[in-house]
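Let's walk through a protein model together, one question at a time. Keep the picture open while you read.

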Amino acid sequence: MTVDLSVYENTESNVRSYCRSFPTTFTSATGAEITDADGKTYIDFLAGCSSLNYGHNDPDMKQALLDYISSDGIAHGLDFHTDAKGAFLQAFSDYILKPREMNYRVQFTGPTGANAVEAALKLARKVTGRDRIVAFTNGFHGVTLGALACTGNGYHRKGASRPLEGVDRMPYDRALGDDIDSGKVLEQLLNNPSSGYEPPAAFILETVQGEGGLNEASAEWLQTVERVAREHGSLLIVDDIQAGCGRTGTFFSFEKLGICPDIVTMAKSLSGMGLPFAMTLLHPDLDIWGPAEHNGTFRGNNHAFVTARVALEKFWSDSSFSQKVEVKADFLEERLTALAAKHGGTVKGRGMFRGIDVGSGELADEICAECFKRGLIIETSGAHGEVVKILAPLTIELTLFERGLDILAESMSAVTAKNGAAAA
């Protein structure tokens, strides 16, 4: 069946993005595969930009949602008490917070990660009475105005069409090269009363920068930033929207890095099934909001509460899932290392949050386009789009994972051969 794509070109805004790289109409998906209207099935290494860490249409989440809807469960409830919300909160406490000895309050914001970031920034300013936020080069935190001010990407920043204020930019770990300790630079600037830098309300960072090119911060650098924050009365915000929910191997990306953020933002795979759901975690002593002082009409997505609870019970009630993710992460690192050795490039990221820097955005785009022709959906990231980024569902079967990586390897070889022939 051939679908006329002109309806999108004639009716949908020019702002559409991913569909330009994958010009087909998708109709169904299960696990790590997605099928289009012509019946062609693709391996999905994009996974909703890490919104589908547990794959498409997990059968247990799907059944729980169907049961909830068929029993006339509350769909929209603002911030009412509902059985679905209460069950999620209890599961999050039992399976995530208590085992990790974490003490966070849960704030339901709105349906997107940017909503969670906006709440975090507002709260940090409210708590400290300060205005400035320190964000880091190559960070990506969303495109609403407050979050966009923290985002480094110049293309997205231009979309604001107005000054983006209230944020100071500092170099991320190794952003200035391996020989420059940007943590020490940060420390020296804030300790120098004539540097022009004043202690901020908060520092906001990703432990692995997804859209920024899979740059991974070291534990030492993160600990330095946290120590500087404590010394200057600032808060530490970790944006775990893309790196969280198991993407790096543990539920939170910072669990093994020796830091304890004051505020954590979460979204993307939080619902487990791709449903809109975001929240901000905050230490209880920071919870100084007045009722409805920060709100959102869709902060109570009960359908997402249902599937998120199932995700926690199914994948995080013990350590077996994270152990399986670790095995796949090791396999992925091995395959990418071999590709980098064969074609050049650098392996980046951590866990199942990996990619290969091929040196140019043009080359990365060619590789991704060739992958699509061969049945693999994969995208790029980085300041110049130079990183081919792998975001396979964490639940992907190893044989299918291997086939997807084979397609990537075949595509890299094909593009390399074509470019070599063109040069000759």
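Q: At roughly what angle do the axes of helix α5 and helix α11 cross?
A: This is a predicted model, so keep in mind that we're reading a prediction. Find α5 at residues 83–97 and α11 at residues 302–315. Their axes come within 8 Å, and the crossing angle is roughly 30 degrees.

Q: Is α5 roughly parallel or roughly antiparallel to α11?
A: The two axes cross at roughly 30 degrees. Angles under 35 degrees count as roughly parallel. That makes the pair α5 and α11 roughly parallel.

Q: Is the crossing of α5 and α11 left-handed or right-handed, and which residues of α11 make the contact?
A: The crossing of these two helices is left-handed. On the α5 side, the contact is made by A84, K85, A87, F88, A91, F92, Y95 and I96. On the α11 side, it's N302, F305, V306, A308, R309, L312 and E313.

Q: At roughly what angle does helix α4 cross α11?
A: Helix α4 covers residues 59–70, and its axis comes within 9 Å of the α11 axis. Here α4 passes α11 in a right-handed crossing. Among the residues in contact are M61 and Y68 of α4, along with H303 and V310 of α11. The angle between the axes is roughly 145 degrees.

Q: Are α9 and α10 roughly parallel or roughly antiparallel?
A: The axes of α9 (residues 182–191) and α10 come within 9 Å and cross at roughly 10 degrees. α9 passes α10 in a left-handed crossing, with L186 and L190 of α9 and W221 and V225 of α10 among the residues making the contact. Angles under 35 degrees count as roughly parallel. The pair is therefore roughly parallel.

Q: Which residue's backbone nitrogen does the side chain of S218 reach?
A: Look in the loop between β9 (215–216) and α10 (219–231), where S218 is found. Leaving out residues up to four places away in sequence, S218 touches D173 and R174. Its side chain reaches a backbone nitrogen at 3.1 Å, and that nitrogen belongs to W221.

Q: Which strands are the edge strands of the seven-stranded open sheet?
A: The strand order is β4-β12-β11-β10-β7-β5-β6, and the pairing is mixed. Neighbouring strands of this sheet are turned by 25 degrees against each other on average, ignoring direction. An edge strand pairs on one side only, and here those strands are β4 (105–108) and β6 (167–170).

Q: What is the bridge partner of V106 in β12?
A: β4 and β12 (residues 279–282) pair in the antiparallel sense, over four bridges. Helix α5 lies across both of these strands, running at about 140 degrees to β4. For V106, the bridge partner in β12 is L281.

Q: Which residues of strand β17 are buried on its two sides?
A: In a regular strand the side chains alternate between the two faces of the sheet. In β17 (residues 387–390), both faces are covered. One side has V387 and K389, and the other has V388 and I390.

Q: Which β17 residue is the bridge partner of T380?
A: Strand β16 (residues 379–381) pairs with β17 in the antiparallel sense over three bridges. Their hairpin has five residues between the strands, and G382 there takes a positive phi near 110 degrees. The β17 partner of T380 is V388.

Q: What is the relative accessible area of V387?
A: V387 lies in β17 and is the bridge partner of D357. Its C-alpha atom is 6.1 Å from that of G355, although the two residues are 32 apart along the chain. Buried means under 20% relative accessible area. V387 is buried because its value is 0%.

Q: Is D72 buried or exposed?
A: You'll find D72 in the loop between α4 and α5. Most residues other than glycine have a negative phi. D72 isn't a glycine, yet its phi is positive, about 60 degrees. With a relative accessibility of 68%, D72 counts as exposed.

Q: What is the phi of A292?
A: A292 lies in the loop between β12 and α11. It isn't a glycine, but its phi is positive, at about 65 degrees.

Key:
Residues are numbered from 1 along each chain as its sequence is written. This is a predicted model: local features need pLDDT of at least 70, side-chain atom pairs count only at pLDDT 80 or more; totals for chains, interfaces and linings use all residues. Side-chain values use heavy atoms; hydrogens and water are left out. Buried means under 20% relative accessible area, exposed over 50%, partly exposed in between (1.4 Å probe, protein chains only). Two strands pair if DSSP finds at least two bridges between them. A polar contact is a pair of N or O atoms within 3.5 Å; within protein, one must be able to donate a hydrogen and the other to accept it, and residues adjacent in sequence count only if both atoms are side-chain atoms. Contact means heavy atoms within 4.5 Å. Axes are lines fitted to C-alpha atoms, for helices over the stretch in contact, and angles run from 0 to 180 degrees between N-to-C directions. Angles under 35 degrees count as roughly parallel, over 145 as roughly antiparallel, 65 to 115 as roughly perpendicular and the rest as oblique. A crossing is left-handed if the near helix is turned anticlockwise from the far one by less than a right angle, and right-handed if clockwise.
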